[in-house]
Amino acid sequence: MYENILRHPGPTPIPKRLELAMCKHIISHRTPEFVELYQETVNLVNPIFGTEQEILFLPSGGTAALEAAAVNTVSAGDNVVVITVGAFGDYFVSICEQHKFQVHKLEKAWGEACTAQELREFLQHAPKIKAVFMTYNETSTGILNPIEELAKVVREETDALVIVDGVSCIGGVAAKMDEWGIDILVTGSQKALMLPPGLSLVAVSKRAWQVIEANHTQTYYLNLLSYKSWAEKGMTPNTPAITLLYGLNEVCKLIAEEGGIEQTAERHDVMKNMVRAAMNALNIELLTDDAYASPTITAIKAPQGIALGDFLAHLKSKYHLDFAGGLGPLQGEIFRFGHMGYCFPSDILQAVSLIEAALQDFNYDFTAGAGILAAQKVFLKSTK
Ligand SMILES: *Cc1c(COP(=O)(O)O)cnc(C)c1O
């Protein structure tokens, strides 16, 4: 009877208002009603991306949008740099390798961020580079790369495009695509945008359009020029995820009601600090330092003396609290506490309280209430 509390870093819970917005009657995408929905939604999403560029909607998961960003700008044999600090950076590497790009991989240990200085040195030793691919928020480790600084370095050192995977953070963090000099910024519907999966968003800079026009990609369904030419008419080249666009339109209104993306990002920051303070108070280790900690997902190590798999299974079966495990080398080492989208400080207090209950079930040595108190303190301070 009681639904699980989904605290994964995607897919994420969906607010009732979005569900209601998505039960409207379906319309055809070749009608004036659709054009109105399309154009209004693009305008509403612009501030969330921090761009005045057209935002393209693909009826796909985030992966297809990443692939679109790659294959439209780069051809086989071209040199690219991919920054990877975890599973999703590796994902970008795989996409680039699949298409036979010459990949120069700037790899950091899982749990670390890539710094501007590291990128600068790497670029100074690389051949002429067509594009630099980077992950804004590394979902496997809970690291937010310093994208603004990284984009600046790329601009200073090369004339390569800056292509950013923002799938697990756009809608939950600040993004200033135009100001920061990002050329392509991609996200998906089912993470911080709190929608069901199946819609991805791609924003493209003027500079990137020039590269795309000269690149003559072989792709058909993911051809961004075709999306661009239809966007001029307020439409998409093929049937879009109309239902999800209704939802996205409403997401933007929810964010506006909160006070705009800055306020929404602020809430995510508070939740990050609450989770970190609680785990510190419970003597449960975090994977990452505070410096580049993600506002949307926190990677947490197993409590001392407790088998992680048993702990997560217990949390889910007894308390209906559902966390994601670790990926790749971090499988069995960490769990991932998603706090993005439709998630509030009250949800963090609930989750911390349930974690404490489970810790008692496992006879973990701690002061009951210490985590809740620490999280509350952060929350109360943020409301002052
Ligand atoms: C989830 C995720 C993806 C993949 O998105 P899909 O919708 O599953 O295709 C890509 N990058 C990052 C950073 C993600 O978190």
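How many salt bridges does the rule find across the interface of domain 1 and domain 2? Across that interface the rule finds zero salt bridges, a salt bridge being a side-chain nitrogen of Lys or Arg within 4 Å of a carboxyl oxygen of Asp or Glu. The model is predicted, so that local features need pLDDT of at least 70 and side-chain atom pairs count only at pLDDT 80 or more, whereas totals for chains, interfaces and linings use all residues. Residues are numbered from 1 along each chain as its sequence is written, and side-chain values use heavy atoms, with hydrogens and water left out.

The chain is divided into domain 1 (16-257) and domain 2 (261-382), with bounds that come from an automatic or database domain assignment. To the contact (heavy atoms within 4.5 Å), domain 1 contributes 26 residues and domain 2 contributes 22 residues. The area buried between the two domains (accessible area, 1.4 Å probe, that two parts lose on being put together, summed over both) is about 1900 Å², and carbon and sulfur atoms give 69% of it. In domain 1, Trp-110, Gly-142 and Gly-172 lose the most area to domain 2, together 22% of what that side buries.

The ligand is surrounded by residues including Gly-61, Gly-62, Leu-66, Phe-88 and Lys-191, each with a heavy atom within 4 Å of it. Thr-63 places a polar side-chain atom 2.4 Å from an oxygen atom of the ligand, while an N or O atom in the side chain of Gln-190 is 2.8 Å from a ligand oxygen atom. In the side chain of Asp-165, an N or O atom is 2.7 Å from a nitrogen atom of the ligand.

Terms used: Polar contact = N/O pair within 3.5 Å; in protein donor to acceptor, adjacent residues only side chain to side chain.
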